Amino acid sequence: MKRFQLVVFLGLFSLALAQKPIVYKDNAKKPTMIIQGNQGFFAPGENFELSGNVQIKRISASGDLTVETLMTCAKASGNLVRINNKMEVDKVRMTGGIQFVQKGENRSTTASGDSAEYDLKDGLKEVNVNGGVEISFDSQSTRETKKDGKKESAKITSTMNTTSRSATLTFKSKLDDKKREFTELQSAVVRGPIQFNGTQLVKDAAGEKLQKVFAKADKMTFTISGESGNREVKLEGNLEFKQNDGIGEGSIVEGANTVVLQLNEKNEILKLRFKSESPNQVATTITKINSKGKKGGA
Amino acid sequence: MGCGKAKPEITKEKSGANVSPSPTTEAPKKKQEPIAVAVGPGKSNRVEFWTYQKLWFTTFRADLWFIEWQSANLALINGKQSGFMFKVHGNVFERNEPAGEFFADHAEADMAVDRLILDGGIKIKSGKSVMTAKKVEWLAGNEVFKASGEVFLEGPDGSIGPVDVLFASAKLNKVASSLNYFKK
């Protein structure tokens with residue numbers, strides 16, 4: 001009897017695996033949006049409801065099938081409507097191990113959490129992620145270095161990441177030189193307590209070097225503004241701030257309750273501006289870090 | 001058809017109204033035995049009548065489907081018509097309004113259970129939407145198509161499939177992986 005039950009279970013399991021997901025495409029031949037799940041309901045022009053390996057993909061309209069935005073989760077429901085002659089998802093509620101990935105030309109934003117909402121607001125795309133939220137802002141670039149007098153170029157990925165309880169990411173649609181639409185991060189508000197990891201670009205007589213920055217705060221606001229895309233991170237509330245050059249020396253900044261970080265397009269920190277509730281409270285302690293990465297003497 | 005759920009107070013009467021086959025052979029033996037009829041081109045409306053006792057025995061009409069065929073083998077069992085039809089075309093109804101239009105190589109109608117099954121060369125159309133599949137069943141009671149085998153639907157707001165099984169509304173504007181989504 002048990003063997004029979006096992007055979008039935010395996011049969012049903014393999015049938016479930018073999019079954020094709022239900023897939024929606026905004027255009028059968030040249031899709032720019034693909035939505036799929038193992039089970040579900042679609043009323044294009046109205047709404048949708050999906051469960052089991054749900055994926056909502058926005059693909060580059062240039063025809064190279066580059067995924068621009070990918071949302072994955074266990075369950076999703078929302079509106080599927082035509083806006084400006086283009087099918088869009090709106091008011092999407094996602095649950096069950098959600099992951100959100102937005103890729104630009106040289107940068108990407110990844111967010112994961114327990115649940116999320118995706119909405120269209122005043123021409124912007126907004127994602128609210130909740131519960132055990134991890135966000136990573138990655139930037140790919142080519143850096144030229146000199147080795148034995150020869151110029152070498154290496155591809156570098158700079159990562160700035162946070163862990164927190166909830167976050168709101170806002171994206172804006174833009175047009176590139178060839179009038180192709182692409183989506184870019186405009187702001188991220190991360191609510192804590194949060195942990196922040198970043199990279200600081202330090203210039204001295206020996207040249208440029210990168211050092212790690214660690215911070216804890218109650219809130220982080222990341223904004224990209226202006227034509228040139230000025231990037232700024234503001235960390236505020238119960239601020240703890242540490243720098244580590246990776247070879248044995250670091251500093252701890254105390255007394256400040258806010259720090260504003262000015263970033264370059266690779267998300268590397270160029271300038272730091274600390275603020276405290278009253279003047280002369282900010283103090284920096286230089287520390288030696290031993291080989292195991294622990295704080296040593298002052 | 002939603003109001004027809006108070007079953008104890010309803011009496012149903014089903015009919016294949018306006019049947020106009022042109023019989024070529026007939027082989028009746030006994031009155032209670034099925035009557036098989038091979039016919040040439042013809043058409044039929046499948047209609048259901050509902051009588052509500054609470055509404056002073058008012059009778060309502062529900063159109064289920066309309067079908068035209070080039071040739072058919074029809075069977076009459078206890079006065080209810082069933083059969084196989086070839087090169088068919090017709091309409092299904094949603095709330096008594098013609099909604100989806102269908103074309104197929106073969107059709108099987110079982111009027112005893114209000115089912116119309118299409119097979120081969122299937123095309124279901126509604127407005128600018130078109131659905132193709134290897135087999136399509138019209139579930140008249142739910143006003144839903146059950147399509148199976150390489151199901152693909154394309155309309156002005158996008159496409160669905162190919163998928164193994166798909167349930168679609170008569171107007172092809174709502175689709176689901178299970179009939180339960182239409183029962184909500």
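Biologist: What is the mean pLDDT of chain A, and what does pLDDT stand for here?

Modeller: pLDDT is the predictor's confidence in each residue, from 0 to 100. For chain A the mean pLDDT is 83, and 83% of its residues reach 70 or more. This is a predicted model, in which local features need pLDDT of at least 70, side-chain atom pairs count only at pLDDT 80 or more, and totals for chains, interfaces and linings use all residues. Residues are numbered from 1 along each chain as its sequence is written, while chains are lettered from A and ligands numbered from 1 in the order in which they are written.

Biologist: Where in chain A does pLDDT stay under 50?

Modeller: Where pLDDT is low, the predicted coordinates should not be read in detail. In chain A that applies to residues 290-298, where pLDDT stays under 50. The model has 10 contacts for this stretch beyond four places in sequence, a contact being two residues whose C-beta atoms, placed from the backbone, lie within 7 Å.

Biologist: How do I read paired strands, and how many bridges join E6(A) and E7(A)?

Modeller: Strands (E, at least two residues) are DSSP runs, numbered from the N terminus, and two of them pair if DSSP finds at least two bridges between them. Strand E6 (residues 86-103) and strand E7 (residues 107-121) of chain A are antiparallel, with 10 bridges. A:Val101 stands opposite A:Thr110 in E7(A), and a hairpin through 3 residues joins E6(A) to E7(A).

Biologist: Which strands does E12(B) pair with?

Modeller: E12(B) (residues 135-139) pairs antiparallel with E9(B) (residues 115-119) over 5 bridges. Another 5 bridges join E12(B) to the antiparallel E13(B) (residues 144-155). B:Leu118 has B:Val136 as its bridge partner, and B:Trp138 has B:Phe145.

Biologist: Which residues form the covered face of E12(B)?

Modeller: In a regular strand the side chains alternate between the two faces of the sheet. In E12(B), B:Val136 and B:Trp138 make up the covered face, whereas B:Lys135, B:Glu137 and B:Leu139 are on the uncovered one.

Biologist: How many residues of chain B are in contact with chain A?

Modeller: 16 residues of chain B are in contact with 18 residues of chain A. The largest share of chain B's side, 6 residues, comes from E14(B); E13, E14 (158-169) and E15 (175-176) of chain B each supply at least two. A strand pairing crosses between the chains too: E3(A) (residues 39-43) and E15(B) are antiparallel over 2 bridges, with B:Ala176 the bridge partner of A:Phe41.

Methods:
Helices (H or I, at least four residues) and strands (E, at least two) are DSSP runs, numbered from the N terminus. A residue is buried if 20 or more other C-beta atoms lie within 10 Å of its own, exposed if 12 or fewer, and partly exposed in between; C-beta atoms are placed from the backbone.
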